[in-house]
Amino acid sequence: MAEKPRSCIDRETKCTAPSDTVDGQKERGSVDVLGPEEEKRLVRKIDLHLMPLLIISYGLQFLDKTSLSYSAILGLKEDLNLVGQEYSWASSIFYIGYLAASYPISLGFVKFPLGKYLSLLIFLWGAILTLHAVANNYAGLMVLRTFLGVFESAISPGFSLITGMWYTPPEHVSRHTFWFAGNASFSIIGSLIAYGIAHYQDHFSQWKMLFLIFGLITVAWSVVLWFYLPDSPSNAHFLSSSEREFASLRPKKFQRTTQTRKWDRDQFIESFTDPKTWWLLIFSFVICVPNGGTTSFQSLLIAGFGYDKYQTILMGLPASAFQLVVVLLATIFCTNVRKSRLVAIIMIFAMALAGILMVKLLPSEQKLSRLAGYWMSSAIAPVFPLMLSLHASNTAGFTKKSTVAALIFVGYCVGNLIGPQFFKDSEAPYYPTAYTTIVICYAIAMASAVVFRVYLGWENRRRDKQQGVHINPEETREIDLHTDEGLDHADETDIQNRSFRYIV
């Protein structure tokens, strides 16, 4: 008697008729294949349910992280009597908490259900941000900023892991930039909220109102995530059982990586012996030194061009809009042009370098031209999701992915921690030391991107030569539920899997 075939995705998957059983055993002739059209429908369904959650969450993270910048022109410095470098340290201490928590947080990715774990941390960071409204001195602000860094440290590496878990390497760059676009989108929203608060007149301080609004929105959103953000494709509430199988196997077809609750010692050690890890860490550090300063000093920099607090808030809007446009253009470019991620990074740095040189070298009376240069320099934002997509596509093994992600964010924290210190209070509002540092960092980053592209290309050619076959890492790969079912338990690193090829 013939065995009933497995259900196929939306009942439209191409399936061969199952063979009869032989000697009580089913022959391996039954094949459920995910065809191109069915895969497109599945990916659209995943995008529809997953991307809005990630975009809004990441946007709130950026909004909450930059709340200090908005509060600086809404009375925080005066009310808390911040003098000298105290404001700079209030920015830097966030990244000390972030750095201290990076490794413990990465252990949580392995030990706990990912969706619930991230939802809980977002709830805690929202609660801490809300408590900023009761800070009444420098010491209290520093404690709150430290804990805010601790709880926010999970979001970027966690979302990168989620992207790697749900999407194939050719899809990584577009999905990383999509959820990262929440930064620019929510920066516009945050500027408009801050502009409205700037017109609020009552006994309650404007900066406290800002923290209350941003914090309570985040707390409410964390509750939504608890119920709707799945831990993995295997338990996604919005997919049928067969769709879950296909969704789980699609990325494993490329990377042979399975979410596991077991910490793999060998993968952990390999993370530190892999040259790619150190490039990602150093590159993260170099690009975050400028980011740390400009994020926290954004409002003060624009005010330094000669604008009042209302104009300062509004003049930040074009920078966010320009950043969003560059993010979308980078996504389109990298999606449609092969071997283009590092090329896009180099092009973005060239534009940002031109912008920061305009700010640094043009006379102070040319404030519109200097402001335009600042907007151009904000184009650097898409570089970070592009770097994360390189990590997601080129690092395999769940423990290794988690470890390398933690190391990337060590560089991220140290860079953002150091960055504000180059903005010396004694040099306000021109900050020559800071701008010189930014120029140097951009130049180093461009050169290192060229080196990394050469290295990955060389490694791919070396593996092709060893195996006598050319493997395209950006090709489309068909999923077969029967022949690929063993991938459900595979967890190999990119070095262990000799068929692995790197995306540049």
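A residue is called buried when its relative accessible area is under 20%, and exposed when that area is over 50%. The model described here is predicted. By this definition, Trp 166 is buried, and Phe 238 is buried as well.

**The chain as a whole**

The protein chain has 504 residues, and 57% of them are buried. Its secondary structure consists of 19 helices and 5 strands. Taking contacts between residues at least 6 apart in sequence, 82% join residues that are at least 24 apart. The chain exposes about 19,800 Å², of which 64% comes from carbon and sulfur atoms.

Helix 4 covers residues 86–111, and Ser 102 is found in it. Ser 102 has a relative accessibility of 5%, which is under the 20% limit, so Ser 102 counts as buried. A polar atom of the Ser 102 side chain lies 2.9 Å from the backbone oxygen of Tyr 98. Apart from neighbours within four places in sequence, Ser 102 is in contact with Ala 406, Phe 409, Val 410 and Cys 413.

**Aromatic pairs**

How many aromatic pairs does the structure hold? There are 29 aromatic pairs in the structure. One of them joins Phe 94 and Tyr 98, whose ring centres are 6.0 Å apart with planes at 55°, so this pair is tilted. Phe 94 and Tyr 98 are 4 residues apart in helix 4, and therefore about one helical turn separates them. Phe 94 has a relative accessible area of 0% and so is buried. Tyr 98 also has a relative accessible area of 0%, and it is buried too.

Another pair is formed by Trp 166 and Phe 238: the ring centres are 5.8 Å apart and the planes are at 20°, so the pair is stacked.

**Lysines over rings**

| Lysine | Ring | Distance from the ring centre |
|---|---|---|
| Lys 77 | Tyr 87 | 5.4 Å |
| Lys 116 | Trp 226 | 5.7 Å |

**Leu 50 in helix 1**

Leu 50 lies in helix 1, which covers residues 36–65. Its relative accessible area is 0%, so Leu 50 is buried. Not counting residues up to four places away in sequence, Leu 50 touches Ile 162, Trp 166, Tyr 167, Leu 229 and Pro 230. Leu 50 and Leu 229 are 179 residues apart in sequence, yet their C-alpha atoms are 7.3 Å apart in space. Trp 166, which Leu 50 touches, is also part of the stacked pair with Phe 238.

**Helix 19 and its end**

Helix 19 runs over residues 432–467 and has 36 residues. From its first C-alpha to its last it reaches 53 Å, close to the 52 Å expected at 1.5 Å a residue. Just after helix 19 comes Gly 468, which takes a positive phi of about 70°.

Key
Residues numbered from 1 in each chain as written. Predicted model: local features only at pLDDT ≥ 70, side-chain atom pairs only at ≥ 80, totals over all residues. Heavy atoms only, no water. Helix = DSSP H or I, 4+ residues; strand = E, 2+ residues; numbered from the N terminus. Buried < 20%, exposed > 50% of the residue type's maximum accessible area, 1.4 Å probe, protein only. Contact = heavy atoms within 4.5 Å. Areas by Shrake-Rupley, 256 points an atom, 1.4 Å probe, with all protein chains shown as cover. Polar contact = N/O pair within 3.5 Å; in protein donor to acceptor, adjacent residues only side chain to side chain. Phe/Tyr/Trp six-rings, centres within 6.5 Å; stacked < 30°, edge-to-face > 60°. Lys NZ or Arg CZ within 6 Å of the ring centre and 35° of its normal. Expected span 1.5 Å × (residues − 1).
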